[in-house]
Amino acid sequence: MKGTSEHPWNHYIPATVAEEPAQLGAAPPDWASVVHVDGLNEIVAFGQWSQRLVAGPHHRGEAAVAAWAQSHVATAVIDDKDARLVAQQYGLDAHGSIWVLCQAISCAVISVYTATSYCDAVISHGARMPFEVGGFEAWVRRQGLIR
């Protein structure tokens, strides 16, 4: 994916994923462009990913992310571990949001403090992470994701 030196990546969120925080009264992030998975290639890919991910309402967002990423030769950011593994098995470059945070830290786009604050906030709103509140930095260092 192309970006500028200040923002080394472009961020895209399928509309179906952007709707999830909106249903909870939150706006989609202002640093991402909302895209629609409605081109012919995208629709075909969405059907394939829906079957691969055994999509119901739970995996609709993951299928949309995978379909858009496949259609645009992009990296898919999928936090659901099982869905991410399926995407990788089918050859998609797929990672979770912790990986994205670590890439942003490595490129000096954000600080460890910012990433920790983000993780703490999403944990406090019910997200599952492989660490507790305040545990981001120690965990990613143990995993070798940042130095």
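This section describes the fold, aromatic pairs, cysteines and selected residues of a predicted model.

The protein chain contains 7 helices and 4 strands. Read along the sequence, these elements follow the order β-α-β-α-α-β-α-β-α-α-α. Of the 147 residues in the chain, 35% are buried. Among contacts between residues at least 6 apart in sequence, 37% join residues at least 24 apart. The accessible surface of the chain amounts to about 9200 Å², and carbon and sulfur atoms account for 54% of that surface.

Aromatic side chains were examined next. A total of 4 aromatic pairs was found. In one of them, the ring centres of Tyr12 and Trp68 are 4.8 Å apart and the ring planes meet at 35 degrees, so the pair is classed as tilted; planes under 30 degrees apart would count as stacked and those over 60 as edge-to-face. Tyr12 belongs to strand 1 (residues 12-14) and Trp68 to helix 3 (residues 60-72), so this pair ties together parts of the chain that are 56 residues apart in sequence. Tyr12 is partly exposed, with a relative accessibility of 36%, whereas Trp68 is buried, with a relative accessible area of 12%. A further aromatic pair, between Phe131 and Phe136, is edge-to-face, with 5.9 Å from centre to centre and 75 degrees between the planes. Phe131 and Phe136 are both buried. Ring pairs join these two phenylalanines and Trp139 into a cluster.

Charged groups placed over aromatic rings were also identified. Arg52 lies over the face of Trp49, at 4.6 Å from the ring centre. Arg52 also lies over the face of Tyr90, in this case at 4.1 Å from the ring centre. The C-alpha atoms of Val86 and Trp49 are separated by 9.3 Å, and the two residues are 37 residues apart along the chain. Val86 is buried, with a relative accessible area of 18%, which places Val86 under the 20% limit for a buried residue.

Helix 4 (residues 81-89) also includes Lys81. In contrast to the buried Val86, Lys81 is exposed, at 54% relative accessibility. The C-alpha atom of Lys81 is 9.0 Å from that of His95, a residue 14 residues away along the chain.

Thr16 is located in helix 1 (residues 15-23). The residue is buried, and the relative accessible area of Thr16 is 15%. A polar contact of 2.9 Å connects the side chain of Thr16 with the side chain of Arg60. When neighbours within four places in sequence are left aside, Thr16 is in contact with Arg60, Gly61 and Ala64.

Cysteine pairing was searched for across the whole structure, and 0 disulfides were found. For Cys119, the closest cysteine sulfur is that of Cys102, at 8.3 Å, which is too far for a bond, because a disulfide requires sulfur atoms within 2.5 Å. Cys119 is buried, with a relative accessibility of 0%. Cys107, by contrast, is partly exposed, at 41% relative accessibility.

Backbone geometry was considered last. Most residues other than glycine have a negative phi. Val73 has a positive phi near 50 degrees and is not a glycine. Val73 is situated in the loop between helix 3 and strand 3 (76-77), and at 75% relative accessibility Val73 is exposed. Ala108, likewise not a glycine, has a positive phi of about 60 degrees. Ala108 occurs in the loop between helix 5 (97-106) and helix 6 (112-124). With a relative accessible area of 67%, Ala108 is exposed. Positive phi values are thus found at two exposed loop residues, Val73 and Ala108.

How values were computed. Residues numbered from 1 in each chain as written. Predicted model: local features only at pLDDT ≥ 70, side-chain atom pairs only at ≥ 80, totals over all residues. Heavy atoms only, no water. Buried < 20%, exposed > 50% of the residue type's maximum accessible area, 1.4 Å probe, protein only. Contact = heavy atoms within 4.5 Å. Areas by Shrake-Rupley, 256 points an atom, 1.4 Å probe, with all protein chains shown as cover. Phe/Tyr/Trp six-rings, centres within 6.5 Å; stacked < 30°, edge-to-face > 60°. Lys NZ or Arg CZ within 6 Å of the ring centre and 35° of its normal. Polar contact = N/O pair within 3.5 Å; in protein donor to acceptor, adjacent residues only side chain to side chain.
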